[in-house]
Amino acid sequence: MNSASHPSAQKRTRRNRSFFASTILLCAPLLMGGCSLFSPIPQPRGSLIEKADYSQLIPGTSTQSDAMDLLGSPTAHATFDDNTWIYVSMITSPRPLSFPKIDKQQVVVLNFDNSGVLRKLNTLGKSNAVNVGMVGRTTPAPGTKTSVIQQLLGNVGRYNPMSNMGSTFGGSSGPMSNQGTGNGGSGNTLP
């Protein structure tokens, strides 16, 4: 008699298939949840301004208050010119173990004259961006180089927990000062 046609062998085969199917059904949501790692959710950042909004501003006639009503407050002002308003917006996607990827970037620059009237409107996109790389070197700092021993022993004797309590036991400047424990904290003198 063939073992595959035996009733107990058929039950085991069905039981194994049902176990395998139930395992797949239980693991499927976990596997599908992992797919979100491969399709990051875009995140808007900054002042999201649509073309329909800033196209209503007309150079020569629109004012700063018109721009504020349509676009809101600017992301930044120019460093040395309060009459230059900058609106920055971007859409980024997170990347594992790295900086977010910039999918879309837009900068709207409004230049006003001293009376607050719009003189120039300029839009910049991702193609106008300049990639600034980080320099790997370190900046030297002025000062002396101290060893580990000097760093560990450099503060020996400088801490006195009794100095702020009005005590006459020791001075607040450490053991090398003229204030000592004798003579009421006025220091000891050599004969």
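Read along the sequence, this chain runs α-β-α-α-β-β-β-β-α, which gives four helices and five strands. Both kinds of element are DSSP runs numbered from the N terminus (helices are H or I with at least four residues, strands are E with at least two). What you're looking at is a predicted model, where local features need pLDDT of at least 70, side-chain atom pairs count only at pLDDT 80 or more, and totals for chains, interfaces and linings use all residues. Residues are numbered from 1 along each chain as its sequence is written, and side-chain values use heavy atoms, with hydrogens and water left out.

**The chain as a whole**

Of the 191 residues, 18% count as buried. Here buried means under 20% relative accessible area, exposed means over 50%, and partly exposed is in between (1.4 Å probe, protein chains only). The accessible surface comes to about 15,400 Å², and carbon and sulfur atoms own 60% of that. These areas come from the Shrake-Rupley method with a 1.4 Å probe, and for residues only the protein chains shown count as cover. As for contacts (heavy atoms within 4.5 Å), take those with a separation of 6 or more: 38% of them join residues 24 or more positions apart.

**Salt bridges**

The structure holds two salt bridges, each being a side-chain nitrogen of Lys or Arg within 4 Å of a carboxyl oxygen of Asp or Glu.

| Pair | N to O distance |
|---|---|
| K101 and D103 | 3.7 Å |
| D113 and R119 | 2.8 Å |

In the K101 pair, K101 is partly exposed at 42% relative accessible area, and D103 is also partly exposed, at 34%. In the other pair, D113 counts as buried because its relative accessibility is 18%. Leaving out residues up to four places away in sequence, R119 touches P59, G60, N111, F112 and D113. P59 is 60 residues from R119 along the chain, yet their C-alpha atoms are 4.9 Å apart.

**Surface patches**

Patches are built from residues with over 30% relative accessible area and no salt bridge; like charges are joined within 9 Å, and nonpolar side chains (Val, Leu, Ile, Met, Phe, Trp, Tyr) within 5 Å. Lys and Arg count as positive and Asp and Glu as negative, while His and the chain ends are not counted. A charge is placed at NZ of Lys, CZ of Arg, CG of Asp or CD of Glu.

K11, R12, R14 and R15 make up a positive patch. K11 belongs to helix α1 (residues 7-34), and K11 counts as exposed because its relative accessibility is 55%.

There's a nonpolar patch too: V148, I149, L152, L153 and V156 cover about 550 Å². L152 lies in helix α4 (residues 148-153) and, at 63% relative accessibility, counts as exposed.
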